[in-house]
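Welcome! Open your viewer, get your selection tool ready, and let's take a short walk together.

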Amino acid sequence: MRAARLIKMVLLLQSRPVMSAAELAAELEVSERTVTRDAQALSEAGVPVYAERGRAGGYRLIGGYRTRLTGLARNEAEALFLSGLPSALREMGLEDAASAARLKVSAALLPSVRDASASAAQRFHLDAPSWYHEPEPPDVLPAVADAVWDDRLLRARYRKGGGRENGRRENGRNGTEVARELAPYGIVLKAGVWYLCAKAGDDFRVYRIDRFTSVEPADERFERDETFDLPAFWDARAAEFARSLLRTEVTVRVSESGARQLAFTGDRAAAATALSEAPPAGPDGWRTVVLPVESLDVAYSQLLSLGPELEVVAPEELRGRFAEAFERLSDLYR
């Protein structure tokens with residue numbers, strides 16, 4: 001542990017002209033007294049660490065010293081490609097590896113471009129979770145991530161939801177618990193929810209990681225199918241999942257404005273397809289559209305937002321609910 005900290009300290013000093021004891025303590029997550037002891041240990045080992053006193057003082061390397069300890073370990077190199085996802089790295093337990101990789105890259109750069117990583121971080125940031133969602137990373141996520149990195153079989157217990165498990169809708173937290181032996185191929189973070197794409201038997205499946213009640217990486221590794229394409233697999237399953245939710249249809253009339261807003265009320269692809277297949281607008285500018293929806297309850301909550309730009313034609317049950325809603329609104333605003 002101390003050896004890794006000393007190496008990190010050297011890399012920090014190599015990447016910056018001078019650092020105060022407080023800055024080093026914050027980066028290394030130790031006390032300033034420990035920083036002092038570590039600097040003395042490095043000096044005794046032949047690393048020219050010089051301490052400058054005073055308000056503008058701090059620690060620096062003298063004599064143009066450069067360490068050769070800049071080769072990236074495999075986990076550091078892999079984590080570096082995810083460095084634009086700081087929260088995801090933290091949740092998967094890869095924050096330290098990514099930090100070490102960034103330091104090594106920074107230490108290898110010319111002084112004139114060493115601030116490139118900080119400059120980029122201040123200009124581009126990816127915030128993966130959706131709005132109004134407080135992410136709660138699953139406790140088993142680091143273990144699952146380790147198995148994915150290492151191509152190691154995973155023995156897990158999985159709580160199936162109210163629906164089907166293979167990327168389909170899952171309701172509630174009291175579903176049946178089943179045992180699975182999985183070949184974990186990849187992890188996907190979608191709108192703040194973590195998913196595992198894994199091979200179970202001969203089939204590739206998708207599992208919500210927060211539904212694993214326990215995971216145990218096995219000693220055996222699996223032979224990865226090199227033709228497996230994680231982004232393509234996820235795109236196909238996500239599209240299949242979205243289609244699987246649209247189990248019923250409603251017929252609506254929409255104004256020109258309503259047609260433009262329709263894509264923002266539910267499934268955008270389904271709305272676009274329904275509009276492309278709808279007959280041309282009538283003399284009043286309204287179009288009749290047969291729209292796939294998840295359920296009448298979901299359609300009611302989504303389509304109600306279009307207000308007077310949409311009229312429900314069928315089914316009669318939904319039309320009646322809209323009529324009742326607008327009567328109540330009329331009473332409120334009369």
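Start by selecting alanine 145, which you will find in helix α8 (residues 141-150). Keep in mind as you look around that this is a predicted model. Is alanine 145 buried or exposed? Its relative accessible area is 1%, and the cut-off for buried is under 20%, so alanine 145 counts as buried.

Next, select residues 32-44, which make up helix α3. With 13 residues at 1.5 Å a residue, α3 should span 18 Å; the C-alpha atoms at its ends are 19 Å apart, which agrees. Now colour Thr34, Val35, Asp38, Ala39 and Leu42, which are buried in α3. Why do they sit on the same side of α3? They cover an arc of only 140° around the axis, which puts them there together. Turn to the other side of α3 to see Arg33 and Glu44, both exposed. Just after α3, pick out glycine 46, whose phi is positive, about 100°.

**Stop three: a hairpin**

Finally, select strand β1 (residues 49-52) along with strand β2 (residues 58-61). The two strands run antiparallel and are joined by four bridges. Click on alanine 51, and look opposite for tyrosine 59 in β2. Together β1 and β2 form a hairpin, with five residues between them. In the turn, look for glycine 54, which has a positive phi of about 105°.

Terms used
Residues numbered from 1 in each chain as written. Predicted model: local features only at pLDDT ≥ 70, side-chain atom pairs only at ≥ 80, totals over all residues. Heavy atoms only, no water. Expected span 1.5 Å × (residues − 1). Buried < 20%, exposed > 50% of the residue type's maximum accessible area, 1.4 Å probe, protein only. Arc of directions from axis to C-beta. Pairing = 2+ DSSP bridges.
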